[in-house]
Amino acid sequence: MLFADDTEASLKAAVALVNSGEEPDTLTDLVQLDAFYDEHGYTGRHDGDAGELEAMRALRPVLRELLTAERDDAAQLVNAHLADAHAVPQLRRHDGLDWHIHAAPNDAPLPRRVLVETAMAMVDLIRADELSRLSVCADDRCEGLVLDLSRNRSRRYCSTTCANRNAVAAYRARGRSRH
Ligand SMILES: [Zn+2]
Ligand SMILES: [Zn+2]
């Protein structure tokens, strides 16, 4: 583990949310919204309605900007988002999870909580000077984000689909060069 559990979980969720906007969009209905909520272990308010879906979709470019910013810019964005949301970091222990930080109340709208959690996770990355853990997919045609929490920093692609497509292309290129 590189960072605290809640930091890593927040980053994974934020990257997944941004990447859901890659074609084909996988956050287009309430079933997909519920699945995102469940998959990333959220607790607290979940309206599960069209307004929440729209706000979560609208959050994607905001998170992309934050997750891909240069370090100094990222620090400014984190400060602005935390101030806008009136974030108050509190240690919580619930549902079998050991002490971790909540910086927005459980009854705040889900999109606001996701943004605050992402900003708090970025606090850790910025302080540790580990923003290189975040990048854009090495596939030329893909804008997906990559979160690399591996020890040897080996992740370059946002998904196995992108990794496989490029492995096949590299294999073909090697084959051609032999003839
Ligand atoms: Zn919690
Ligand atoms: Zn990709």
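Student: Which residue forms a salt bridge with D98?
Tutor: In this predicted model, D98 pairs with R93, and their closest N and O atoms are 4.0 Å apart. A salt bridge here is a side-chain nitrogen of Lys or Arg within 4 Å of a carboxyl oxygen of Asp or Glu.

Student: Are D98 and R93 buried or exposed?
Tutor: Both D98 and R93 are exposed; the term means over 50% relative accessible area, with buried under 20% and partly exposed in between (1.4 Å probe, protein chains only).

Student: What about D139, and which residue is its partner?
Tutor: D139 forms a salt bridge with R141, the closest N and O atoms being 3.9 Å apart. D139 counts as buried because its relative accessibility is 3%, whereas R141, at 67%, counts as exposed.

Student: How many salt bridges are there by this rule?
Tutor: The count comes to 11. D25, R57 and R60 are linked in a network of them.

Student: Changing topic, at what angle do helix α3 and helix α5 pack?
Tutor: Helix α3 (residues 50-68) and helix α5 (residues 110-127) pack at about 15 degrees, with axes 9 Å apart. They are therefore roughly parallel, a term for angles under 35 degrees. Helices are DSSP runs (H or I, at least four residues), numbered from the N terminus.

Student: Which conventions apply to the model?
Tutor: Residues are numbered from 1 along each chain as its sequence is written, and chains are lettered from A and ligands numbered from 1 in the order in which they are written. Local features need pLDDT of at least 70, side-chain atom pairs count only at pLDDT 80 or more, and totals for chains, interfaces and linings use all residues, while side-chain values use heavy atoms, leaving out hydrogens and water.

Technical notes:
Axes fitted to C-alpha atoms, helices over the stretch in contact; angles between N-to-C directions. Helix = DSSP H or I, 4+ residues; strand = E, 2+ residues; numbered from the N terminus. Parallel < 35°, antiparallel > 145°, perpendicular 65-115°, else oblique.
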